[in-house]
Amino acid sequence: MIVRPDAEGIRRAVEILAADSVVAFPTETVYGLGAHAFSERAVGEIYRLKNRPSWNPLIVHVASVSAARELAEEWPGRADELAARFWPGPLTLVVRRARRLPGIGAANDTVAVRVPAHEVALRLLEASGLPLAAPSANRSESISPTTAEHVARSLPDVPLVLDGGACSWGIESTVLDVTGDVPRLLRPGALGLRELRDITGSLALPEDVADGAARPSPGMSRRHYAPRARVVLCKDVQDVDRSGLAEPVGVLTYEGGGSGEGGVGTEVLSAEPREYAADLYAALHRLDDAGVATILVLEPPQTEDWLAVRDRLSRAAAK
Ligand code: TXA
Ligand code: MG
């Protein structure tokens with residue numbers, strides 16, 4: 001059930017969380033499916049509802065840097081610098097997990113943590129007093145939700161969805177491992193590499209992250225973020241041989257990239273990567289709703305600014 005995030009809505013959400021069940025809530029990136037991070041029963045409910053593979057660990061959301069430090073066995077100086085600059089915000093840090101805490105998924109000795117920049121998320125964290133594990137609130141492998149309605153449609157069994165409107169970033173947080181000497185990018189996301197390098201200097205960018213190919217890190221399955229329709233990436237949407245493609249065909253392009261008649265559905269996004277990312281999942285949801293069988297997607301430029309968008313699109317296109 002979708003509810004307003006007023007005092008009564010938050011009270012009901014806290015009640016559900018305290019009973020070891022789950023609540024969906026808005027963040028600045030995408031909606032999360034939240035549960036008490038160190039309750040085995042609550043976390044089990046997340047995996048069950050999402051149909052998420054049990055090895056894939058979850059991000060723990062907290063309200064402050066000090067709450068994040070409490071989850072860590074070791075809190076590197078670099079984590080402090082990054083947190084001071086980017087929290088609350090769309091950066092997830094992987095640190096060594098405090099030994100007294102249970103592990104989540106197959107993350108043996110680490111924990112991923114972030115402070116979300118969304119007023120409703122922060123109120124929920126403060127009112128519940130709990131660290132909340134929260135993956136994106138969608139069925140495993142499908143498109144992440146950027147509105148409360150997306151959540152309710154993907155996960156109709158979630159007892160409560162706090163409605164915070166559309167998410168401003170619309171794409172997941174950047175995940176950075178700071179357990180080693182050089183910070184390692186695990187998932188490109190909302191926070192760009194240029195901003196990160198301002199603080200970290202060098203940054204390890206594993207090749208498989210850079211090109212969106214399969215990778216061994218948890219959660220990075222090749223097919224992910226996928227709509228129902230088949231996604232086909234192309235360099236020119238007007239010039240594609242459509243004979244082998246299932247009809248109807250929809251098109252996802254961006255300004256200046258050519259409109260390429262979709263017939264059933266054409267989505268023209270911004271040519272600016274942040275704005276494009278903010279609309280991407282909503283556009284894929286709309287194309288699915290329009291009933292297209294194939295989505296022709298104009299490939300964005302091969303520049304670093306587009307890294308997160310290209311990562312999500314290549315996963316959506318994977319078979
Ligand atoms: O923006 C976001 O990060 C959203 C909102 C709700 O905060 N959450 C999100 O969670 O995208 P999820 O579960 O869809 O993605 C979490 C990613 C996965 O790729 C997972 O493998 C990785 O973070 N992760 C979680 N814990 C980890 C750990 N200890 N070590 C390495 N990767 C980890
Ligand atoms: Mg997800």
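In this predicted model, Val60 has Val113 of strand E7 as its bridge partner. Strand E4, which spans residues 59-61, is joined to E7 by 3 bridges, and the two strands run parallel. Strand E6 (residues 91-97) is joined to E7 by 4 bridges in an antiparallel arrangement, with Val95 standing opposite Val111. Because 5 of the 5 residues of E7 (residues 110-114) are buried, the strand is largely enclosed by the rest of the structure. Thr110, Ala112 and Arg114 point one way from E7, whereas Val111 and Val113 point the other way.

The structure holds 18 salt bridges, one of which pairs Glu28 with Arg114, their closest N and O atoms being 2.8 Å apart. This pair connects the loop between strands E2 and E3, where Glu28 lies, with strand E7, across a separation of 86 residues in the chain, and both Glu28 and Arg114 are buried. A further salt bridge is formed by Arg96 and Asp109, with closest N and O atoms 3.8 Å apart; Arg96 belongs to strand E6, while Asp109 lies in the loop between E6 and E7. Arg96 is partly exposed, at a relative accessible area of 29%, and Asp109 is also partly exposed, at 45%.

Arg194 forms a salt bridge with Asp305, for which the closest N and O atoms are 2.5 Å apart. Arg194 lies in helix H7 and Asp305 in the loop between strand E15 and helix H10, 111 residues apart. Salt bridges that share partners also join Glu172, Asp311, Arg312 and Arg315 into one network. In helix H10 (residues 307-317), 10 of the 11 residues are buried, among them Asp311, Arg312 and Arg315.

How values were computed. Residues are numbered from 1 along each chain as its sequence is written. Chains are lettered from A and ligands numbered from 1 in the order in which they are written. This is a predicted model: local features need pLDDT of at least 70, side-chain atom pairs count only at pLDDT 80 or more; totals for chains, interfaces and linings use all residues. Side-chain values use heavy atoms; hydrogens and water are left out. Buried means under 20% relative accessible area, exposed over 50%, partly exposed in between (1.4 Å probe, protein chains only). Two strands pair if DSSP finds at least two bridges between them. A salt bridge is a side-chain nitrogen of Lys or Arg within 4 Å of a carboxyl oxygen of Asp or Glu.
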